[in-house]
Amino acid sequence: MACFFNRVLGNPIVDVVGITLGDPLRFVRTLSLDWYSRRVDEILAKRDGKKLKGAPPRIALEILEAAQDETRDELRELWAQLLANAVDGTTQSMVRIEFVAVLKQLNPLDALVLQRLTAAGNFINPHQLAQAHHLDTNDTATSILYLLELKCVEQAPSGTSAYKTSPRGIALLKALSP
């Protein structure tokens, strides 16, 4: 585990990660961080570049703190990707600290809807998006409205119920991409 923190933070300071002895969930969090260690290694091993450098400590610590309590597989994968991109010198500049706060607030469906909305390209209404991807219309609309609050999507200028991914949403997905 110490090697993982050294690699992520780019220095030998391990005790800064916030795992305290009095933490009743320490074992669960340690297992979770172990999973992230292995998964980030897998992601980085698939990349050709050797430009690995420590993530900025502020960003790395924010990601690790938020990710360690995540139990949903879809979101754990996104956290691992964000961390891998923060460590990789070729993608590090895409990882913004505010993306940690946004990702913490997403449900798996929100992330899926954001990805599908981005793939649609132009403005689309929630019903059309839901039908095209076999999703529940109400759940899709709820996700879109929440993503609108997070400034990851924008509404059509005409005020219709059509939406597309905002520049912030596009930047977030780039930071989460392999």
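Q: Before anything else, what is pLDDT?
A: pLDDT is the predictor's confidence in each residue, on a scale from 0 to 100.

Q: OK, and what does the protein average?
A: This is a predicted model, where local features need pLDDT of at least 70 and side-chain atom pairs count only at 80 or more, while totals for chains, interfaces and linings use all residues. Residues are numbered from 1 along each chain as its sequence is written, and side-chain values use heavy atoms, leaving out hydrogens and water. The protein averages a pLDDT of 86, with 83% of the residues scoring at least 70.

Q: Where does pLDDT stay under 50?
A: Over residues 11-21, for which the model has 16 contacts (heavy atoms within 4.5 Å) beyond four places in sequence. Where pLDDT is low, the predicted coordinates should not be read in detail.

Q: Switching to helices: how do α3 and α4 cross?
A: The axes (lines fitted to C-alpha atoms over the stretch in contact, with angles from 0 to 180 degrees between N-to-C directions) of α3, residues 57-67, and α4, residues 73-87, come within 10 Å and cross at roughly 165°. That makes α3 roughly antiparallel to α4 (the word covers angles over 145 degrees).

Q: Which residues make the contact?
A: From α3, Ile 59, Ile 63, Leu 64, Ala 66 and Ala 67; from α4, Trp 79, Leu 82, Leu 83 and Ala 86. They divide into nine nonpolar, no polar and no charged.

Q: And Val 40, buried or exposed?
A: Val 40, in helix α2 (residues 26-45), counts as buried because its relative accessibility is 1% (buried means under 20%, with a 1.4 Å probe and protein chains only).

Methods
Helix = DSSP H or I, 4+ residues; strand = E, 2+ residues; numbered from the N terminus. Parallel < 35°, antiparallel > 145°, perpendicular 65-115°, else oblique. Nonpolar A, V, L, I, M, F, W, Y, C, P; charged D, E, K, R; others polar. Buried < 20%, exposed > 50% of the residue type's maximum accessible area, 1.4 Å probe, protein only.
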